[in-house]
Amino acid sequence: MGRSRRTLPEELLLLALDPATGTTAQPQSLDLGLAGAQLVELALAGRIAPDGDRIAVVVPRPTGDPTLDCALELLRRRGAPVRAVHWIGGPRLGLRQTYLSHLERCGMVAAVPGQMCGVLPTTRYQATDTAISREIKARLDSAIRTGVPPDPRTAALAALAHAVGLGKHLYPGNEGRSSRSRLRDLIRHDPMGGLVAHAVMDVQNGAAAQPRRGQATAGRQPAGARSGPEPARGVPMQPHHGSMARAVAH
């Protein structure tokens with residue numbers, strides 16, 4: 001898997017990054033979305049495939065991306081297909097920071113140290129090349145505006161953006177209402193993206209304990225019949241505690 005293409009977790013994180021504040025919108029649901037985006041990226045790379053509401057490893061060969069390969073190895077060690085909702089709802093400590101640090105190493109974001117209340121150290125992240133974020137959002141805008149079925153990668157990104165509640169971050173206000181609705185509807189264009197997006201929403205709704213009735217690989221209900229979480233524009237920075245690493249922009 002080459003590095004000429006940005007991965008879905010990277011794109012989702014760049015979409016969530018607020019250029020004005022250096023914080024990420026919807027940090028708690030974003031963590032779930034990043035775990036889900038890893039699954040979609042592995043599926044696009046041909047390493048995993050949906051098996052009903054479960055995820056099965058079909059090719060355990062590494063992709064060359066360390067973070068994705070870690071997820072792939074964990075899935076392989078399960079020894080049997082795992083329910084997407086259980087995988088996404090599992091502990092993912094530090095996943096958002098891992099991707100922020102990766103984007104920093106790649107030169108796509110810059111860490112900006114600061115202070116909360118003039119005392120507590122914090123870190124915000126600013127995009128170093130806003131053209132990249134504009135290009136990513138332009139793909140969503142095009143799919144929303146034209147109504148032409150998007151490619152699987154863009155459809156999955158739209159599904160994840162809706163699932164984690166980025167609609168009002170990307171298309172704010174009353175004028176963005178129709179765009180948010182169409183963003184939600186794009187979920188139906190990619191089966192894997194739809195499976196993962198529904199799993200993300202199920203975890204947030206506390207429905208991870210029971211499988212959805214009538215669930216099937218190709219017969220899932222479109223997201224138009226359900227509402228995703230409402231996002232906030234940003235979340236206040238968290239301070240350092242004791243000897244913990246520097247705070248991440250939330």
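In this predicted model, helix α9 spans residues 177-185, and its buried residues are Ser179, Arg180 and Leu183. Viewed down the axis of α9, these buried residues fall within an arc of 100 degrees, so they line one face of the helix. Which helices does that face meet? The buried residues of α9 pack against α6 (130-146), α7 (152-163) and α8 (167-170).

Strands of a sheet pair through backbone hydrogen bonds, either parallel or antiparallel. Here, three strands form an open sheet in the order β1-β2-β3, and the pairing is antiparallel. At its edges sit β1 (48-51) and β3 (82-83), each of which pairs on one side only. Helix α3, residues 66-78, packs on this sheet and touches β1, β2 and β3. The direction of α3 makes about 100 degrees with that of β2. Between β1 and β2 (residues 54-57), which run antiparallel, there are four bridges. Within this pairing, proline 50 has isoleucine 55 of β2 as its bridge partner.

Some values for the chain as a whole are handy to have side by side:

| Property of the protein chain | Value |
|---|---|
| Residues that count as buried | 47% of 250 residues |
| Contacts joining residues at least 24 apart, among those between residues at least 6 apart in sequence | 70% |
| Accessible surface | about 11,700 Å² |
| Part of the accessible surface belonging to carbon and sulfur atoms | 54% |

Definitions and conventions. Residues numbered from 1 in each chain as written. Predicted model: local features only at pLDDT ≥ 70, side-chain atom pairs only at ≥ 80, totals over all residues. Heavy atoms only, no water. Buried < 20%, exposed > 50% of the residue type's maximum accessible area, 1.4 Å probe, protein only. Contact = heavy atoms within 4.5 Å. Areas by Shrake-Rupley, 256 points an atom, 1.4 Å probe, with all protein chains shown as cover. Pairing = 2+ DSSP bridges. Helix = DSSP H or I, 4+ residues; strand = E, 2+ residues; numbered from the N terminus. Axes fitted to C-alpha atoms, helices over the stretch in contact; angles between N-to-C directions. Arc of directions from axis to C-beta.
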